[in-house]
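This report describes the fold, packing and ligand surroundings of a single protein model. Please consult the sequence and the three-dimensional view while reading.

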Amino acid sequence: LAQQADEVPVPAARAATPHAGEVVLEAAGERKSFGETEVLKGVDLKVHRGEVVAVIGPSGSGKTTMIRTLNAMESIDAGEVLYRGRPVGYRHTAGGRRPVGDRELARTRENIGMVFQQFNLFPHKTVLENVTFAPAHLGKGSAAEIKERALVQLRKVGMAAHADKYPHQLSGGQQQRVAIARALAMNPDAILFDEPTSALDPELVDEVLQVMTELAAEGLTMVVVTHEMRFAREVADWVVFMDQGVVVEEGPAAELFGNPQHERTRRFLSRVM
Ligand code: ADP
């Protein structure tokens, strides 16, 4: 069948073997300090194409800092963060590690989208404008094409009927679904979700998790920092438990939740489950 003009590009099918195949994102020995405090103390992590990696762990363990390094929203002090084998946000030179320029940074963030805890929509733009802004700015097609693609993404998150509203007219759950559509509109290789439901009233959490579950089923590569243990257990292919700046334990969701190997993991899970 010929591809429809407004069809969403088909992502990788869900991986048959967990945590295998093409590595999209990787952290290796990643270290990061804020002032005197070392927050990431040698983090290793791999994200494969088409998998959902959930990152769980106590507050203050470095989860948000870690996920923000994956698209260079935070720099690192040592180790590597790699997108398809290339350093993210820096390069190695004879004089040491150097940050890359804005253009390369922007390209990286086109490939690796981000959804924030606080939605971060543009308050003075409509829902549709929020989704079309970046693709239009980057010249990703004609205005008509960009609008049509934006509407496809908004339909996907159930927000097309609200295209002309402003963020303040929407619930938090609706705003977060728009933020997801905005990330999808860049056709990214992976999307990072930093506690996407933490700012929501409890009754709005499920509508966002539902959208994320559908994206997971379609094979979108996702990294999700979350306190939603049910989501981590039921939707994630791979779960990473962080504590005090390191990955203490990781594995397939069924194993990490069903048979945690480390005392720290067991203690955390017994508190939150
Ligand atoms: P988590 O997401 O697991 O709760 P974070 O990555 O948010 O952990 O934070 C880890 C630690 O780093 C915390 O102690 C936090 O206070 C500290 N931290 C995070 N961001 C900054 C910053 N910009 N400046 C100083 N300290 C920070």
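## Basis of the description

Two residues are in contact here when heavy atoms of theirs lie within 4.5 Å. The model is predicted.

A use of this term is given by R177, which is placed in helix α5 (residues 172–184). With residues up to four places away in sequence not counted, R177 touches V157, G158, M159, E207, V208 and V211. The relative accessible area of R177 is 12%, so this residue is classed as buried, given that the cut-off for burial is under 20%.

## The six-stranded sheet

Six strands form an open sheet with mixed pairing, in the order β8-β9-β10-β3-β11-β12. At its edges stand β8 (112–115) and β12 (246–252); each has a single partner strand, so one side of each lacks a neighbour in the sheet. From one strand to the next, the twist averages 15 degrees.

The pairing of β8 with strand β9 (residues 190–194) is parallel and comprises four bridges. Within this pairing, V115 has F193 as its bridge partner in β9, and G113 has I191. Strands of a sheet pair through backbone hydrogen bonds, in either a parallel or an antiparallel sense. In a regular strand, side chains alternate between the two faces of the sheet. Along β8, I112 and M114 point one way, while G113 and V115 point the other way, and all of these are buried.

Helix α9 (residues 263–272) lies across β3, β11 (238–243) and β12, and runs at about 100 degrees to β11.

In soluble globular proteins, nonpolar side chains tend to be buried together. The largest nonpolar core of this model has 50 residues, and those with the most contacts inside it are I56, L154, I180, F193, M212 and M222. Helix α6 contributes the most to this core, giving eight residues.

Which residues is F193 in contact with, leaving aside its neighbours within four places in sequence? They are I67, V115, I180, M212, L215, M222, V223, V224 and V225.

Strand β6 (residues 90–93) and strand β7 (residues 96–99) run antiparallel and are joined by four bridges. The hairpin connects β6 to β7 through two residues, and T93 stands opposite G96 in β7.

Helix α2 (residues 102–111) has E104, L105, T108 and E110 among its buried residues. The buried residues of α2 pack against β5 (86–87), β6 and β8. An α-helix has 3.6 residues a turn, so residues three or four places apart point the same way.

## Surroundings of the ligand

The residues around the ligand are F34, V39, P58, S59, G60, S61, G62, K63, T64 and T65.

A polar backbone atom of G60 is 2.7 Å from a ligand oxygen, and a backbone N or O atom of G62 lies 3.0 Å from a ligand oxygen. For T65, a polar side-chain atom lies 2.6 Å from an oxygen atom of the ligand.

## Residues with positive phi

Most residues other than glycine have a negative phi. F119, although not a glycine, has a positive phi of about 65 degrees. This residue is placed in the loop between β8 and α3 (127–137). Its relative accessibility is 9%, so F119 counts as buried.

Q244 is likewise not a glycine and has a positive phi of about 50 degrees; its place is in the loop between β11 and β12. Is Q244 buried or exposed? Its relative accessibility is 51%, so Q244 counts as exposed, the cut-off for that class being over 50%.

How values were computed: Residues are numbered from 1 along each chain as its sequence is written. This is a predicted model: local features need pLDDT of at least 70, side-chain atom pairs count only at pLDDT 80 or more; totals for chains, interfaces and linings use all residues. Side-chain values use heavy atoms; hydrogens and water are left out. Two strands pair if DSSP finds at least two bridges between them. Axes are lines fitted to C-alpha atoms, for helices over the stretch in contact, and angles run from 0 to 180 degrees between N-to-C directions. A nonpolar core is a set of buried Ala, Val, Leu, Ile, Met, Phe, Trp, Tyr and Cys residues joined through side-chain atoms within 4.5 Å. Buried means under 20% relative accessible area, exposed over 50%, partly exposed in between (1.4 Å probe, protein chains only). A residue is near a molecule or strand if one of its heavy atoms lies within 4 Å of it. A polar contact is a pair of N or O atoms within 3.5 Å; within protein, one must be able to donate a hydrogen and the other to accept it, and residues adjacent in sequence count only if both atoms are side-chain atoms.
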